[in-house]
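Hello,

Here is the model I promised to send over. My notes on its disulfides and one of its helices follow below.

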Amino acid sequence: MRSAIIFIAAAASAVALPAQAQDAGENNNGLQTGTRFERAPETANAAEARWMQKRVANCVFNRNKAEVRELLANSDFYSIQFDRIEQEPETLFDDLEVSFCIGRLMRGVDDQAYHTYMQIQYATLRNLLAEEAYLRDFDGPPAVAQGVQDVAARFTGVRAHPQVRAIASLADCLTFNAAQDAHELLNARPGTDSESEAIDRIGPVLAACANTDEESLTIQTSLIRQMAADGLWSRSHYAAAQVEES
């Protein structure tokens, strides 16, 4: 998979969820779990890199709002359906002006402090853009219909891999049971106390949603934030679409 190379500090890679969580057909709606949540440690450089990633994504969204919204409507947590959008895989980063946004960011950064290459893959860029689009297009999470946890409209007319459905179900469970905390997480600057406090509130909910037999669930903040972004954008986007159709 093609990646954009970003000339800033390397961010921490995402940690895979336990097999039980990945393969679960449905999540724990009762939120009763004996699994302990542990936030993965993060270096100051990794936190700063996530803040820089967010600024790049914000720039990309601001310069290409229509294209980003189309991309989000035709993608999932892991992949983009390029046959449904105008961009091609080979030119996506150029079309979205990712390099321009990186260059603008780097003009205000000490090159000596941030000189490690970072790779942003399609999926990571998509989830970073979901965060920016959600924060710009919606004032907060939509009202959650009682008992309606999964956002079924995600996969209308699309054949999704079981792993895609599993991560979507996990994101939907998180934003169904902790919508406001997930919103506050996305509102918080990466690496701040506000972000850490939101993660601490979300953690037990996420551990219950994972429906795993593992004694502890350790997930990096970057992955939790991406799941919150995917869940909140999807729930808000499809709720708004239903209102427009009615």
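Cys173 and Cys209 are both buried (buried means under 20% relative accessible area, exposed over 50%, partly exposed in between, with a 1.4 Å probe and protein chains only). The two form a disulfide, with sulfur atoms 2.1 Å apart (a disulfide is a pair of cysteine sulfur atoms within 2.5 Å). Cys173 lies in helix α7 (residues 162–177) and Cys209 in helix α9, so the pair ties together parts 36 residues apart in sequence. Helices here are DSSP runs of H or I, at least four residues, numbered from the N terminus. The link is left-handed, with -80° about the S-S bond.

This is a predicted model: local features need pLDDT of at least 70, side-chain atom pairs count only at pLDDT 80 or more, and totals for chains, interfaces and linings use all residues. Residues are numbered from 1 along each chain as its sequence is written, and side-chain values use heavy atoms, leaving out hydrogens and water.

The structure holds two disulfides. The other joins Cys59 to Cys101, S to S 2.1 Å. Its S-S torsion is about -75°, so this disulfide is left-handed. Cys59 is buried at 4% relative accessible area. Cys101 is buried too, at 2%. Counting bonded cysteines along the chain, the pattern is 1-2, 3-4.

Now α9 itself. The helix bends by about 35° at Ile202, and Pro204 follows within four residues (the bend is the angle between axes fitted to the seven residues ending there and the seven starting there). Its buried residues include Glu195, Ile202 and Cys209. Asn211 follows α9, with a positive phi near 55°.

Best wishes

Note on methods: Helix = DSSP H or I, 4+ residues; strand = E, 2+ residues; numbered from the N terminus.
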